[in-house]
Amino acid sequence: QNQEHQKTQKSITRADVDNHIPQNNQNNENTFVVIIANENYQEVAKVPYTINDGEIFAEYCKKTLGIPETNISFVKDATANNMKREIRWLTQILNQYKGEGKAILYYAGHGIPDESTKDAFLLPIDGYGDDPESGYSLNDLYKTLNEAPSKSTLVFLDACFSGSQRGEGMLSSA
């Protein structure tokens, strides 16, 4: 998997926004970031470039937003348990900062719908495209983040919840 990722990274033609990241001298030491970039799925189609996107987002957090590297947790190809652990880490830190901390969550990867309930789920790399329960519920995510005391919480989602995938084709029969 790592060799495949390295080949993909070498073949990526980077855009200006990837190469020319603005530098800023601000210090956001009370901001904590979780980046989950799910590219190489075990049971469903790969999502090209998500690891690259996560890496670039991490660089913007450090260079432009002034967030210390130690405040950024970046997980490539997260399993269901990895995702739960990262959200727990973020909420525990926010609780320690008693409303003075800020949170940013960035997710890139598959999203899947539950056709019966119309709920949306983030798909871990060990999830199944036809089983929303194998994903991480967006409702649960928002509820958990909302309950954690913070000055602000930003959530960035680069996921399609229609059942389609980047490029062509369908992830599931949504």
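The model is predicted: local features need pLDDT of at least 70, side-chain atom pairs count only at pLDDT 80 or more, and totals for chains, interfaces and linings use all residues. Residues are numbered from 1 along each chain as its sequence is written, and side-chain values use heavy atoms, with hydrogens and water left out. The chain holds five helices and seven strands. Of its 174 residues, 46% count as buried.

**Overall build**

- Helices (H or I, at least four residues) and strands (E, at least two) are DSSP runs, numbered from the N terminus.
- From the N terminus on, the order of elements is α-α-β-α-β-α-β-β-β-β-α-β.
- Buried means under 20% relative accessible area, exposed means over 50%, and partly exposed lies in between (1.4 Å probe, protein chains only).
- Contact means heavy atoms within 4.5 Å.
- Among contacts between residues at least 6 apart in sequence, 70% join residues at least 24 apart.
- The accessible surface of the chain is about 9,400 Å², and 45% of that belongs to carbon and sulfur atoms.
- Accessible areas come from the Shrake-Rupley method with a 1.4 Å probe; for residues, only the protein chains shown count as cover.

**Nonpolar cores**

- A nonpolar core is a set of buried Ala, Val, Leu, Ile, Met, Phe, Trp, Tyr and Cys residues joined through side-chain atoms within 4.5 Å.
- In soluble globular proteins, nonpolar side chains tend to be buried together.
- The largest nonpolar core has 27 residues, of which Tyr 41, Met 83, Leu 122 and Leu 141 touch the most other members.
- Two or more residues of this core come from each of strand 1 (31–37), helix 4 (80–96), strand 3 (102–108), strand 5 (119–122) and helix 5 (138–147).
- Helix 4 gives the most to this core, with five residues.
- Apart from this core lies another, of ten residues, among them Val 33, Ile 35, Cys 61 and Ala 108.
- Leaving aside neighbours within four places in sequence, Tyr 41 is in contact with Val 47, Tyr 107, Gly 109, His 110, Leu 123, Pro 124 and Ile 125.

**The cavity**

- On a 1 Å grid over the protein atoms alone, a cavity is a set of points where a 1.4 Å probe fits but cannot get out; lining residues have an atom within 4 Å of a point.
- Grid points are joined across faces, edges and corners, and a volume is the space filled by probe spheres set on the points.
- By this rule there is one cavity of 30 Å³ or more.
- The largest cavity holds about 40 Å³ of space.
- Its lining is made of Ile 36, Met 83, Ile 87, Leu 105, Tyr 107, Leu 122, Tyr 136 and Leu 141.
- Helix 4 and strand 3 are the elements that give two or more residues to this lining.
- The lining residues divide into eight nonpolar, no polar and no charged.
- Here Ala, Val, Leu, Ile, Met, Phe, Trp, Tyr, Cys and Pro count as nonpolar, Asp, Glu, Lys and Arg as charged, and the others, Gly among them, as polar.

- Asn 38 sits in the loop between strand 1 and helix 3 (50–63). Asn 38 is buried, at 0% relative accessible area.
- Leaving aside neighbours within four places in sequence, the contacts of Asn 38 include Thr 50, Asp 77, Met 83 and Tyr 107.
- Asn 38 and Lys 76 are 38 residues apart along the chain, with C-alpha atoms separated by 5.9 Å.
- Thr 50 is in helix 3 and is buried, at 0% relative accessibility. Its C-alpha atom is 5.7 Å from that of Ala 108, 58 residues away along the chain.
- Leu 90 belongs to helix 4 and is buried, at 0% relative accessibility. Not counting residues up to four places away in sequence, Leu 90 touches Phe 32, Val 34, Ala 103, Ile 104 and Leu 145.

**Loop residues**

- Tyr 49 lies in the loop between strand 1 and helix 3. Its phi is near 75 degrees, a positive value in a residue other than glycine. Tyr 49 is partly exposed, at 42% relative accessibility.
- Asp 77 is in the loop between strand 2 (72–76) and helix 4. Asp 77 also is not a glycine, and has a positive phi of about 55 degrees. Asp 77 is buried, at 12% relative accessible area.
- Asp 130 is in the loop between strand 5 and strand 6 (136–137). Asp 130 is exposed, at 66% relative accessible area.

Note on methods: 1 Å grid on protein atoms, 1.4 Å probe; cavity = no way out; pocket = protein on both sides within 12 Å on 5 of 7 lines; lining within 4 Å.
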